[in-house]
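Grab a pencil and open the viewer. Try each exercise yourself before you read its solution.

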Amino acid sequence: MKFPENEKTGYPDCRPEIPFYLEWRSLAFTGFLLLPIPVFFVSIFLGTYPLSPPELLRVLLSHFTAYEYSYPSVYDTVIFNIRFPRVLLAMMAGAALSTSGATFQGIFRNPLVSPYILGLSSGAAFGAALSIAVIPELPVQAGAFIFSLVALGFSYVMARTGGQTSTVALVLSGVITSSVFAALLSIIQFTTDEKAVQSIVYWTLGCLHTSHWTKFLDSFPLVAAGCLIIYLLRWKLNVLALGEEEAKAVGMNVELYKAIFLIAASLAASAAVAVAGIIGLLGLIVPHILRMIFGPDHRKVIPLSITFGAAFLALVDDVARSTFGFEIPVGIITTLLGAPFFLYLLRTTKIGGWE
Amino acid sequence: MAVILLTSVVLSGCVGNSAGEEKTDESFGPAETGKITVTDDLGREITVPYPCERTVFLVENAMNSMYAVGGADEISGIGAVWYEDTKAPFFRAIDPSYDEKRLSEGSEQPGTETIATADPQVVFLWASDWGSEDIKAIEETLNIPVYGVYIDSLDDLQRQMKTLSKLIGKEERGEEVIELMNESMEKVTDVTGALSPEEKPTVYWMWGDVYGTAGLNSTANALIERSGGVNVLNSWTNETKNVEHPVLNLEALLALNPEVIYMWNNENLDPVNITSGDTMDGIDFSTWNEISAVKNGRVYEISDPFVYDFHSPRLPLAMIHVAKDLHPDKFAALNLTAETDQYYVDVYGVHYPGFEPA
């Protein structure tokens, strides 16, 4: 048997070349990119309302094609006003938090960083609590969004000295900001009534049961803008992930790009948290799962974070809303499902790309 | 510190701790021993001096019961009172020393040192489990027995009232108030008891968290049933329907399709917001339009959470309120304002509204 000659070495290649499209990673890459599509269709078939799959299929067909089928109007409500916006909102929040997590981990060069590192979640929780218990005129989403950005701004301003924003200073100021907003949240919880405390706790656990089109449409532009910026500049994250000195050495304006990534990631995560509550672990585990499978290259990790993050949270929410017949906050499920899976990957592989 | 220690020593001398004592059904030995052992709402036995002269209430529902059974003078300290601005005029009318008895402001609970200043022989505290840290803290630091308050049925409420009246040696008044309650409730149940199953609408009870509702083992469930409705959760297949406060989701609610939605008083939400399909508190109520209750405009609200607090002796008033909404034709002759006034006069000795002495 004669092997073809390698162009670079001039020696015969002992392994026949595997076409790119057949390599398992490429197949997996394509599969992960397209995952949201089947997940979306599976998700809209799940729910507590007794609607059989053939019936649901007929309703969809009659809605989108010329197929004629007569059905109760409540089916429209269940499919198009409850399940569609809920699945889309879950996907949007999943994409935002995963992409934001991957970005923060790249900037901070730290595998333990999540989108909440700069106090975003504490600020959002405080804003939501303020709205629930103190200023009912302020919509919960607006309160959460405004105060998540206030917290981020606070962290950034505190960390910035002499025109520089060091990574360590950012992390420390994030810790301080989180503590301050957590304390303010405690004051509200301590002084408000039982029902309001219950609502605050429910919100902080992350829940999608109040999803509707307005929520989705209000937050989508911000999430899309944030994710798009990160996607377009994703290769710069590879340079930033080398370290600030190295990035400067190759001519990168580190402060500028760090600020761009921070703003874009924060915007996407804040918009998602404002409508979905605080969903734990997602922004941490999804990027890691992807790095473990596909390596640390942000050119792959970022688009995959968008699609796999979307599919992941939609699937988790399917479990949260369909398994028990009542609502389990999705944040609880992400933690319960994510932690053991993450542990398994951690023990069976290298910490994807960080070692 | 000296005051607390002294108080603790004095109290420890006259108050027995229930732990490890032999269990009894109700109470024993009031006249003979100068002490009485009663079973609290959690099923714990506590022994207190008899008749009990100084009680501290850190839970408002039970305090209402104490006032109803004539125990105003036996209340020596009052803890958190939610929305006090709206309730204080009533409490001042039935207890001139109300302000002096307050141990904290508004909805804040007093600390253990402040509780000690009221020199209580027993403290009443809301608790849903035996291992409550709050109970332990008071019992162990102040050496004062704590009565764990927990009500999730009408029977619980009346049993609690009997126990409270027994503690202060006013059993007769306790029986009298229970009789008044039963008479008022019979005005409703005599009518609703004769209704056929078809005449009873299915009711979704909506707590402040919107998807939180009344489980089949709850006071609100008893309220619905006695008022002539059927809790819509009876048709729910989920096992959590038996807990006190199950939580549904929108799809489950649509599937249950209640004929009536009854809201607990909600500051941020009115029935019209639901029937109009508004978006309130992040919930898009246009998705509720397919629910029978919304289609037919049968969404009601408890108009005043204090006056119609059904975890208090005012439960019969809440029952009349709900029954009138569920069956307006059958209870047209029953005037809620007049009934409320008469009930306040009988139970508290003041008129409603205005709280003028009767």
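**Exercise 1.** Work out whether Glu246(A) is buried, partly exposed or exposed.

*Solution.* Start by counting: Glu246(A) has 13 C-beta neighbours inside 10 Å. Now for the cut-offs: buried takes 20 or more other C-beta atoms within 10 Å, exposed 12 or fewer, and partly exposed is in between, with C-beta atoms placed from the backbone. So Glu246(A) counts as partly exposed. You'll find Glu246(A) in helix α11 (residues 244-249) of chain A; helices are DSSP runs of H or I, at least four residues, numbered from the N terminus.

A quick note on the model: it's predicted, so local features need pLDDT of at least 70 and side-chain atom pairs pLDDT 80 or more, while totals for chains, interfaces and linings use all residues. Residues count from 1 along each chain as its sequence is written, and chains are lettered from A and ligands numbered from 1 in the order written.

**Exercise 2.** Describe how α5(A) and α6(A) pack.

*Solution.* First, the geometry: α5 (residues 120-134) and α6 (residues 140-159) of chain A meet at about 145°, with axes 7 Å apart. Axes are lines fitted to C-alpha atoms over the stretch in contact, and angles run from 0 to 180 degrees between N-to-C directions. Next, who touches (C-beta atoms, placed from the backbone, within 7 Å)? Among them are Phe126(A) of α5(A) and Phe147(A) of α6(A).

**Exercise 3.** Find how many residues of chain A contact chain B, and which helix gives the most.

*Solution.* The count is 27 residues of chain A, in contact with 25 of chain B. Then α4(A) gives the most to chain A's side, with 6 residues.

Conventions: Helix = DSSP H or I, 4+ residues; strand = E, 2+ residues; numbered from the N terminus. Contact = placed C-beta atoms within 7 Å.
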